[in-house]
Amino acid sequence: MIWGAELKGKKVLVTGGAGFIGYHLCSKLSQLTDDLTIYDNLSSGLMKNVKDVSIAKFVRGDILDVKTLCGLPRSDLIYHLAAQVVVGYSMENPLVDFETNAKGTLCVLEKARKDDAKVVFASSAAVYGNPTVFPTPESYGFHPFSCYGLSKVVGEEYCQMYREQYGLDIVITRFANVYGLRCHGVIHDFLDKLAKNPNKLEIIGTGKQCRDFVHVSDVVEALVKVGSEDYVNGQVYNLGLGKTTSIIDLSQLILTILNLQDKTVITTTGVSWQGDVTKIWFDITKAKKELNWTPKVTLEESIKEVIADRKIKK
Ligand SMILES: NC(=O)c1ccc[n+]([C@@H]2O[C@H](COP(=O)([O-])OP(=O)(O)OC[C@H]3O[C@@H](n4cnc5c(N)ncnc54)[C@H](O)[C@@H]3O)[C@@H](O)[C@H]2O)c1
């Protein structure tokens, strides 16, 4: 059986569907259901991402506008991805971050309660803060280190409350560092810097900070699985590659792929943004076992994919 076949005929709503992960998720969902709606205020998302998903309906709206959100046609399944996603911004603008990520999630849950829809919530490694256990399992608990992490914790707690009190079917997915085409993360940042000046690459922070880089196609596969299957309702899943890479090692890998290793000097600023964490390394045993899911794309493969894509667009 094709995974996700259970979604045929289901009415699916994706908040934040014009964003990076939302675009890739909606591209896959559009092959599985012909009733797909994207709800996004385009604060960081792009109209191009919406247009490139062939059969999706698009409503431009804010998740905080609960009247418009609840006025949308009934959904069976809601993927809630819309969020303020920048950790540094959350430290400078905690109220805006809280409004979007905590209150916004509550608004989406109200829509789900009205529709009796299942919810898949996009949470983050940021709920663990700076863990002391590696690889970090779902059971590690909440120790947020940034306002972003805390607003995701609040979102998760509301999800659990709605599951317990209103009987909603909810799955929480915690993402590590998702990357791929149309992303705007560290890999793209390094490639932009190198395109401007191949002699120098500046890393923000010490470069020793480590991340668990997972390709967006692997995350999308897991999201479709948790959206399709009933037995996962009420569960929390870490979605990462289950490996950790320092930013220095990432930069060296990029330089090697570009054959710049003897030319480019790597420098570090030493100081990072407030709320930045030291190490992300997910234990993905639970997702592997229960979802029969294994992330397939290596970091090297996907850096090459991004580089090839940028050459085409030049
Ligand atoms: N990319 C990652 O590495 C990563 C890691 C952990 C968690 N996540 C989570 O995954 C989700 C998607 O992240 P992404 O990387 O695709 O980010 P993104 O910024 O590309 O997408 C977020 C989308 O939400 C929309 N949005 C923001 N505020 C909104 C509002 N008030 N109302 C309606 N729409 C709104 C934006 O316009 C954008 O299209 C987020 O919830 C994020 O916290 C992402």
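Tutor: Let us begin with the surface, where Val-85, Val-86, Tyr-89 and Val-96 make a nonpolar patch of about 310 Å². This is a predicted model, in which local features need pLDDT of at least 70, side-chain atom pairs count only at pLDDT 80 or more, and totals for chains, interfaces and linings use all residues. Residues are numbered from 1 along each chain as its sequence is written, and side-chain values use heavy atoms, with hydrogens and water left out.

Student: What place does Ser-302 have, and with which residues is Ser-302 in contact?

Tutor: Contact means heavy atoms within 4.5 Å. Ser-302 belongs to helix 11 (residues 299-313) and is buried, with a relative accessible area of 1%. Leaving aside neighbours within four places in sequence, Ser-302 is in contact with Tyr-179, His-215 and Val-297.

Student: How is the size of an interface given?

Tutor: It is often given as the accessible area lost when the parts come together. Here the domain assignment gives domain 1 (5-179 + 214-242 + 282-291) and domain 2 (186-209 + 244-281 + 299-307). The contact takes 19 residues from domain 1 and 13 residues from domain 2. The C-alpha centres of domain 1 and domain 2 lie 28 Å apart.

Key. Patches are made of residues with over 30% relative accessible area and no salt bridge: like charges are joined within 9 Å, nonpolar side chains (Val, Leu, Ile, Met, Phe, Trp, Tyr) within 5 Å. Accessible areas come from the Shrake-Rupley method with a 1.4 Å probe; for residues, only the protein chains shown count as cover. A salt bridge is a side-chain nitrogen of Lys or Arg within 4 Å of a carboxyl oxygen of Asp or Glu. Domain bounds come from an automatic or database domain assignment. Helices (H or I, at least four residues) and strands (E, at least two) are DSSP runs, numbered from the N terminus. Buried means under 20% relative accessible area, exposed over 50%, partly exposed in between (1.4 Å probe, protein chains only).
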